[in-house]
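Subject: Structure handover

Hello,

Here is the structure I promised. Please open it beside this email as you read.

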Amino acid sequence: MIVAIDGPAGAGKSSVARALARRLNFRFLDTGAMYRAVTLAALQRQVPLDDSYALAELVRSLKLRLTDDEIWLDDTNISDLIRTPEVTRNIKHIADNLQVRAQLSALQRNIAEGGCIVTEGRDQGTAVFPQAECKIFLTASPEERARRRYEELRSRGTPLTYDDILAQQSERDQQDAERPVGGLRQAEDACVVVSDELTPAQVVDRMEEIVRERIALMKS
Ligand code: C5P
């Protein structure tokens with residue numbers, strides 16, 4: 001069974017999707033981490049971000065390994081390195097590249113083969129797994145997403161203001177929505193979960209309910 005969770009940046013997808021996978025005893029795939037890993041590798045190896053051919057070659061040569069909690073490039077655990085502002089700022093070049101998208105989508109389908117998985121990203125229920133048995137679109141208002149991000153960064157001593165974060169988030173939302181292939185769209189058959197008024201645990205409860213209802217329907 002494939003549970004595909006899509007939604008905008010800052011909706012809290014990764015943490016709740018990971019928790020959902022644990023509850024269901026499914027594997028977990030964070031596809032954003034794959035786009036981040038390619039961006040990091042391109043920056044480290046100084047591959048020009050506007051060179052489609054070189055980027056596609058780079059993806060072919062990468063030794064990426066994903067577990068439920070970590071991502072490795074060759075022998076290095078890059079789980080923290082992929083979360084820097086520099087990677088986030090440059091990711092659009094990788095996410096807009098059609099060849100890279102095709103390669104990463106194929107890799108995601110390979111990973112999902114032969115087992116139950118919760119996968120999260122922007123295009124999982126629409127482009128990569130349109131046949132997924134269960135699709136969830138997890139979202140929250142832009143203000144609430146920015147507020148959460150601000151609280152998180154403030155505890156780590158960020159110089160950014162709430163308004164800076166809201167502006168950066170709007171830019172990413174626009175890039176993700178306008179991407180012609182693999183852009184953020186709600187699948188027609190997705191269940192929508194709006195998390196503004198919910199705690200993370202309540203979001204996981206609601207998503208688990210949706211998946212269990214779906215499993216019951218499939219059995220009947
Ligand atoms: O989920 P996360 O914020 O880590 O994703 C980082 C970026 O990777 C997104 O803003 C988007 O540009 C890209 N992405 C994508 N398709 C996915 C997952 C992420 O294009 N399935």
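First, the ground rules. This is a predicted model, in which local features need pLDDT of at least 70, side-chain atom pairs count only at pLDDT 80 or more, and totals for chains, interfaces and linings use all residues. Residues are numbered from 1 along each chain as its sequence is written, and side-chain values use heavy atoms, with hydrogens and water left out.

**Domains**

The protein chain splits into domain 1 (1–26 + 118–220) and domain 2 (27–115). Those bounds come from an automatic or database domain assignment. The C-alpha centres of domain 1 and domain 2 are 19 Å apart. Domain 1 puts 23 residues into the contact and domain 2 puts in 21 residues. Contact here means heavy atoms within 4.5 Å.

**The interface**

About 1700 Å² is buried between domain 1 and domain 2, and carbon and sulfur atoms give 44% of that. Buried area is the accessible area (1.4 Å probe) that two parts lose on being put together, summed over both. Arg 18, Val 128 and Arg 179 supply 29% of the area that domain 1 buries against domain 2, more than any other three residues.

Four salt bridges are counted between domain 1 and domain 2. The term needs a side-chain nitrogen of Lys or Arg within 4 Å of a carboxyl oxygen of Asp or Glu. The side chains of Arg 18 and Asp 69 form a salt bridge at 3.3 Å, N to O.

**Asp 123**

Asp 123 sits in the loop between S6 and H6. Helices (H or I, at least four residues) and strands (E, at least two) are DSSP runs, numbered from the N terminus. Is Asp 123 buried or exposed? Asp 123 has a relative accessible area of 2%, so it counts as buried. The cut-offs are under 20% for buried, over 50% for exposed and partly exposed in between (1.4 Å probe, protein chains only). Leaving aside neighbours within four places in sequence, Asp 123 is in contact with residues including Asp 6, Tyr 35 and Arg 101.

**Arg 27**

Arg 27 belongs to strand S2 (residues 27–30). Arg 27 is partly exposed, because its relative accessibility is 31%. Leaving aside neighbours within four places in sequence, its contacts include Ala 21, Asp 68 and Ile 111. A polar atom of the Arg 27 side chain lies 2.7 Å from the backbone oxygen of Ile 111.

Best wishes

Key
Polar contact = N/O pair within 3.5 Å; in protein donor to acceptor, adjacent residues only side chain to side chain.
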